[in-house]
Amino acid sequence: MAKEFLFLSNTLFLIHYFYCTIVLPVETLPRENYKLTYEINSTKDIMDQENRNSFFTIFEMGAPVQKVPLIIKPKTNFYTITSVNIVPNTTMPEITKFNLSENFFKTYDFYDEKKSNSHTLNWCRESEFYFAEECCSANDTILFYHNVNMKNKTETNIYFELMRNVQDNITGEIGLNLYDAHRRIYNTFLGIMKTNNLISNYYWYFDFDSWNDTKGKIVIGSLPHEDYPYLYSEKNLFFTNSNPSTRLTYMEMKFDKIYIINNDTKIYFCNEAEFRYDSKIIIGDHEYEKYLLKQIDNLIKEKKCFNDTIRDFDYFGIMNFYYCKNDKEIKKKLEKIISPIYFFSNDFNYTFEINKDEILREKDEYIYIQMLFNDITRKWSLGTVFSLKYKFVFNQDLGQIGFYKIKEGKNSNKNLIVLLKAGVIILLCAFLIFLGIQIGKILKKTRKKRANELTDEYDYYSESKKEYKSDINNDLIGNNNYIN
């Protein structure tokens with residue numbers, strides 16, 4: 001048993017040794033760090049919270065080490081770190097989306113190149129990007145994890161773009177798009193990681209126990225079946241091509257069918273979709289909105305359901321949303337009206353689903369239909385309620401989107417990992433008990449042998465002593481007879 005466990009451990013070590021991987025810890029940016037656009041806890045604010053849900057990671061960089069948070073933007077190619085030192089005699093850009101709080105900076109900080117002994121500044125110029133006034137070419141040491149257990153960091157000196165006077169005053173950002181607008185990779189995060197041999201390929205995926213968790217990780221340079229061979233199998237990994245129109249939309253794909261089933265009739269919608277990781281919300285196509293409006297038209301006329309708008313700051317502009325009064329009768333009607341939405345892919349040979357519980361959300365006095373729409377959108381945008389619910393992987397260099405054909409419950413990974421850990425602990429305990437018993441037997445045998453030896457020695461000594469006494473007594477008797 002112990003030999004098998006040791007073999008498994010060595011195998012996993014060799015897998016990680018041959019696959020160059022970077023693992024970044026990920027957290028959800030707290031709500032207080034966004035620019036508040038609407039009245040707190042209003043219906044607009046509640047939907048805005050669901051729509052703006054960015055992840056960030058922490059770079060430990062410089063000497064001495066500074067903890068710098070970077071916002072993750074999977075669809076962009078930006079890889080920038082903001083300097084705490086601003087350009088003299090200039091005004092700061094407008095705050096439009098983010099507004100990092102004082103509480104946030106109790107733990108983290110802007111990068112200060114002047115405090116780092118390992119920093120190199122190559123050159124600076126006026127920024128060509130709209131969100132900053134100055135861009136500098138820079139290098140510094142950064143600590144990276146290289147396994148999914150996130151132990152034992154290594155230090156690497158790598159290039160990044162140092163920004164000054166940045167819009168929203170954010171501390172930096174990482175885009176997971178491999179190419180920039182000119183199809184260059186030298187200044188993108190993935191390109192720099194590959195150039196420095198920190199990753200062996202351009203695969204990456206998010207790793208969360210549940211789609212609604214606030215903490216997880218990004219794994220870059222390997223695939224789930226390599227990192228978790230006890231959870232995923234390569235034979236269950238299927239690929240499809242991302243949108244072939246341009247590599248800049250590599251997180252988009254065409255499903256063969258997107259539909260709902262209403263009274264045993266399938267109703268089909270636009271089959272193009274993109275994956276989105278900075279929002280929990282599903283953005284539906286225009287045809288689905290028209291269908292939804294027909295279904296809730298009477299409820300709207302009766303003023304039991306309502307519509308309103310919020311702004312999507314990244315891609316889609318003004319978005320429509322719908323919500324209803326939270327009472328039992330309306331809830332029953334909504335559960336009849338709202339059908340699961342199905343996404344079928346022939347390449348994956350799988351039908352994905354967004355169920356009613358993921359579409360309807362009760363919050364205080366209202367029930368929200370967790371979807372956004374506008375008059376322009378002709379494709380679906382699949383937020384984390386979909387994109388983290390299933391295990392997808394991406395590789396822009398190959399133009400691929402991968403999927404592990406295992407429909408997992410929210411806590412299946414977590415439960416399995418807990419069971420495996422418990423199994424390992426039980427095996428270790430059993431091994432230690434077995435080892436203790438064996439050692440105990442050896443010690444017992446040694447003590448018994450020693451005891452027997454001591455007994456033999458004692459018996460030998462006792463007999464010798466008796467013989468000695470007997471000889472003395474005989475001599476004394478003989479002497480007494482002689483004297484008499």
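Which residues of H5 are buried? They are His286, Tyr288, Glu289, Tyr291, Leu292, Ile296 and Leu299. Buried means under 20% relative accessible area, exposed over 50%, and partly exposed in between, with a 1.4 Å probe and protein chains only.

This is a predicted model, where local features need pLDDT of at least 70, side-chain atom pairs count only at pLDDT 80 or more, and totals for chains, interfaces and linings use all residues. Residues are numbered from 1 along each chain as its sequence is written, and side-chain values use heavy atoms, leaving out hydrogens and water.

**The sheet**

An open sheet is formed by 4 strands in the order E14-E13-E19-E20, with antiparallel pairing. Strands E14 and E20 stand at the edges with a single partner strand each, so one side of each is left without a neighbour in the sheet. From one strand to the next, the twist averages 35°. Strand E19 is joined to E20 by 5 bridges. Ile341 stands opposite Ile354 in E20.

Two strands pair if DSSP finds at least two bridges between them. Helices (H or I, at least four residues) and strands (E, at least two) are DSSP runs, numbered from the N terminus.

| Element | Residues |
|---|---|
| Strand E14 | 265–268 |
| Strand E20 | 350–354 |
| Strand E19 | 341–345 |

**The helix**

Helix H5 (residues 286–301) packs on the sheet and touches E13, E14 and E19. Contact means heavy atoms within 4.5 Å. H5 bends by about 50° at Gln295. That bend is the angle between axes fitted to the seven residues ending there and the seven starting there. Lys303 follows H5, and its phi is positive, near 60°.

Terms used
Axes fitted to C-alpha atoms, helices over the stretch in contact; angles between N-to-C directions.
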